[in-house]
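Let's take a quick tour of a two-chain model. Have a look at the structure first, then work through the notes below.

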Amino acid sequence: MAEVKTVKVTIDNITVEVPQGTSILQAARMIGGDVVPPAMCYYSKLEGSGGKCRTCLVEVSKGSEADPRPMPKLVASCRTGVMDGMEVRNITSDRVKDARNGVVEFLLLNHPLDCPICDQAGECHLQDLGYEHGKEATRYEFKRRTFEKHDLGPYIQLHMTRCILCYRCVYTADQLTEKRVHGVLSRGDYAEIATYIEKSLDNNFIGNVIDVCPVGALTDKTFRFKNRVWFTKPVTAHRDCSSCCGKVTLWQRGEEVLRVTARKDQWGEVEEWICNVCRFDKKKTSDWTIEGPSHVSRHSVISQGHYEHLVQPKETFTAVHDGRHPQLLMDIHSVSEVNDKTAKTKS
Amino acid sequence: MERLTNRVKVMEQKPMSFMESLYLPAIFKGMAITFKHMFRKKATINYPEEKRPFSPIFRGLHVLNRDEEGRENCTACGLCAVACPAEAITMEAAERTPNEEHLYREEKYAAKYEINMLRCIFCGLCEEACPKDAIYLSETFAPSSFTRKSFIYSKDELLIPHPVNEPEKFEAAKGAREARQKN
């Protein structure tokens, strides 16, 4: 076996040794932490993705050991390979920060401000990016672009106005399914994601476009307006599936499974693709073997009310009171119409 | 015994003098004070008929707002519920159908919306969290009741009267705060 040549690259004064051919973004992800540039279009599991959104721009202050000249412009770190002795500046460079703020402003130009309605809110990468780099108000005075509604079948909801044209879903449809019926039509301002001539997407893995979408352009129709993401509990679960790995995250509310998604890693990328049967049809807790609460970053809104290592305190009341339960003054489920009446109350 | 402080007053236990044993001078002195207070400004008001103005930052019962056309502002985004420290707010969303556009302002609306007034601490965080100006705390107290169940307020109780169909009720529900803020 041939030794893979490794090169040394310094990102924000942290040196890391990576195999040759690695992109700057991947090298930064090997370091981890704050030096990782955000990525809206790049997806490590999709071949050829990246280079479109420009949020991952970094400054290369030293090209390589052989040619130490800095690169004149900021480069997209997801599409630029590392060189031996390369020095990259990401968060330590004011130029990068400034450029990224500009890119975020551009991405938000046509993005509607409908986060209160959008089902992606809470796990939206553009929301996080806007929170970190965005301005409080828009300077854009013109009408935002609008599109005619396309129906993508009974499972997937397309909101073209929210799309940032990252092409991730196009690559997913291209690489995961045999027949590509999903692409980008038109150019420039008119560019839109569409299934060509409103063809229904019937491939068994097409549901993964929901997971790869960084914004709320492609969302789960079976979860549409069911609940907010942060009120559902992510639970790691699996089942024996003949067509996919069957490893998923269930988003539960009580005993109800509101949504099924693939498991995501720390970069928000899908760990393993799941099939449509797992995603859309298995909406019962009994269909799944539950492993436990999934890990949620403490900084995410989803972590509200989410306890990963919950130890229930021992109930002492009944023990002290000869087995009598405390008197319930009001059962909320007998009054409330919102709360699940079938949910068990602690007695 | 040694005294801890020198503020202790030693009671005199002398027998009463003649004037003191008459009692009348002391009674008249006391009555004079009482009568003097009858001509002073009253500290109380006749509550149900008369009402004190609320403080501009008073936080009372919640109101679900409508816009000037009478469409409901709430989109059931859940930010009030997540901001609520007492977890008093629950809701259920629904999608607006094409013939409901005069009822709800946005694509999604709150089909059910409940506030548990027993849990609510009237902190006003829901009002601050709301991106749609849909919920605010009015200048009313939560009325008292004998049953706990009557404190679960649903949309029927919370929604502000329609500004076009019932303008007087709408103005009354809006309260005097807005007018006062303008002045």
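Strand β10 of chain A, residues 233–238, pairs with β13(A) in the antiparallel sense, over four bridges. Here, strands are DSSP runs of E with at least two residues, helices are DSSP runs of H or I with at least four, and both are numbered from the N terminus. Two strands pair if DSSP finds at least two bridges between them.

This is a predicted model, so local features need pLDDT of at least 70 and side-chain atom pairs count only at pLDDT 80 or more, while totals for chains, interfaces and linings use all residues. Residues are numbered from 1 along each chain as its sequence is written, and chains are lettered from A and ligands numbered from 1 in the order in which they are written.

**A hairpin in chain A**
- Strands β1 (residues 6–11) and β2 (residues 14–19) of chain A are joined by six bridges in the antiparallel sense.
- These two strands make a hairpin with two residues between them, and Asp12(A) in the turn has a positive phi of about 50°.
- Ile11(A) has Ile14(A) in β2(A) as its bridge partner.

**Domains of chain A**
- Chain A is split into domain 1 (6–106), domain 2 (143–222) and domain 3 (229–303); these bounds come from an automatic or database domain assignment.
- The centres of domains 2 and 3 of chain A, taken over C-alpha atoms, are 22 Å apart.
- Domain 2 of chain A puts 11 residues into the contact and domain 3 puts in 10. (Residues are in contact if their C-beta atoms, placed from the backbone, lie within 7 Å.)
- On the domain 2 side, helix α5 (residues 208–212) of chain A gives the largest share, three residues.

**Where the chains meet**
- 15 residues of chain A are in contact with 21 residues of chain B.
- Chain A's side of this contact has nine nonpolar, three polar and three charged residues. (Ala, Val, Leu, Ile, Met, Phe, Trp, Tyr, Cys and Pro count as nonpolar, Asp, Glu, Lys and Arg as charged, and the others, Gly among them, as polar.)

**Chain B**
- Chain B contains seven helices and five strands.
- Its C-alpha trace spans about 95 × 45 × 35 Å along the principal axes of chain B.
- In chain B, 73% of the contacts between residues at least 6 apart in sequence join residues at least 24 apart.

**A closer look at Cys84(B)**
- You'll find Cys84(B) in the loop between α3 (79–83) and β2 (89–95) of chain B.
- Why does Cys84(B) count as buried? Because 20 other C-beta atoms are within 10 Å. (Buried takes 20 or more other C-beta atoms within 10 Å of a residue's own, exposed 12 or fewer, and partly exposed is in between, with C-beta atoms placed from the backbone.)
- Leu125(B) is 41 residues away from Cys84(B) in sequence, with 6.3 Å between them in space, C-alpha to C-alpha.
- Leaving out residues up to four places away in sequence, Cys84(B) touches Ile89(B), Leu125(B) and Cys126(B).

Technical notes:
Contact = placed C-beta atoms within 7 Å.
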